[in-house]
Amino acid sequence: SAALAAATAAATTPISPDQMPAPRAGLWERSLRVDAKPPVVERRCLAGQPMDPLAISLSCSKADRRRTATGGVSVDAECVDDGVPVRLRLSAEGDFTSNYATVRSQTLLSPHGPPVTTTTRSTFKYLGPCPAAGGG
């Protein structure tokens, strides 16, 4: 969205990984859309830890994390996936206690063709406490 792009452009304050927003601990519903594919809805219990967009299976040498003027964050990282350079961009906006949204673009910089970008848009909604483990 234009608002998210403007907020990302206004990112000015560098932050460390432990200053990333920490979504409230509990059960969250995520609506995830990759490029133009239909959305996928999943539920996940979060532990209240700071977000780590680089916790995936990429090895990232450089990551620039910044706080936006609206209280969200943007992350730009240079990574490698199976020997192929990848440029990763993530922006997240919201209150992180009841809802937030992320836009993540991952660009594969293949030496054998044009760059390929995949964009994932997710919206998160807090549902309540996690169900008790082991019940049922």
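Predicted model: local features only at pLDDT ≥ 70, side-chain atom pairs only at ≥ 80, totals over all residues.
A salt bridge is a side-chain nitrogen of Lys or Arg within 4 Å of a carboxyl oxygen of Asp or Glu.

**View 1. The pairing of strand 2 with strand 3.** Strand 2 and strand 3 run antiparallel and are joined by 7 bridges. Within this pairing, S31 has V41 of strand 3 as its bridge partner. The side chains of R30 and E42 also meet here, in a salt bridge with an N to O distance of 3.1 Å. Since R30 belongs to strand 2 and E42 to strand 3, this pair ties together parts that are 12 residues apart in sequence. R30 is buried, because its relative accessible area of 18% falls under 20%, whereas E42, at 25% relative accessibility, counts as partly exposed.

View 2. K125 forms a salt bridge with E29, in which the closest N and O atoms are 4.0 Å apart. The two residues come from distant parts of the chain, with K125 in strand 8 (residues 116-128) and E29 in strand 2, 96 residues apart. K125 is partly exposed, its relative accessible area being 45%.

View 3. The side chains of D76 and R89 meet in a salt bridge, at 2.7 Å from N to O. D76 lies in strand 5 and R89 lies in strand 6, so the pair ties together parts of the chain that are 13 residues apart in sequence. D76 counts as partly exposed at 26% relative accessibility, and R89 likewise counts as partly exposed, at 42%. Elsewhere in the model, salt bridges that share partners join E29, R43 and K125 into one network.

**View 4. The surroundings of S105.** S105 lies in strand 7, which covers residues 99-108. When residues up to four places away in sequence are not counted, S105 touches R87, L88, R89, T117, T118 and T119. R89, one of these contacts, is also the residue whose side chain meets that of D76 in a salt bridge. At 18% relative accessibility, S105 counts as buried, because this value is under 20%.

**View 5. Two loop residues with a positive phi.** D35 is found in the loop between strand 2 (26-34) and strand 3 (40-46), and although D35 is not a glycine, its phi is positive, at about 50°. D82 lies in the loop between strand 5 (73-81) and strand 6 (84-94); D82, a residue other than glycine, has a positive phi as well, with a value near 55°. D35 is partly exposed, with a relative accessible area of 38%. D82 is exposed, because its relative accessible area of 79% is over 50%.

Methods. Residues numbered from 1 in each chain as written. Heavy atoms only, no water. Helix = DSSP H or I, 4+ residues; strand = E, 2+ residues; numbered from the N terminus. Buried < 20%, exposed > 50% of the residue type's maximum accessible area, 1.4 Å probe, protein only. Contact = heavy atoms within 4.5 Å. Pairing = 2+ DSSP bridges.
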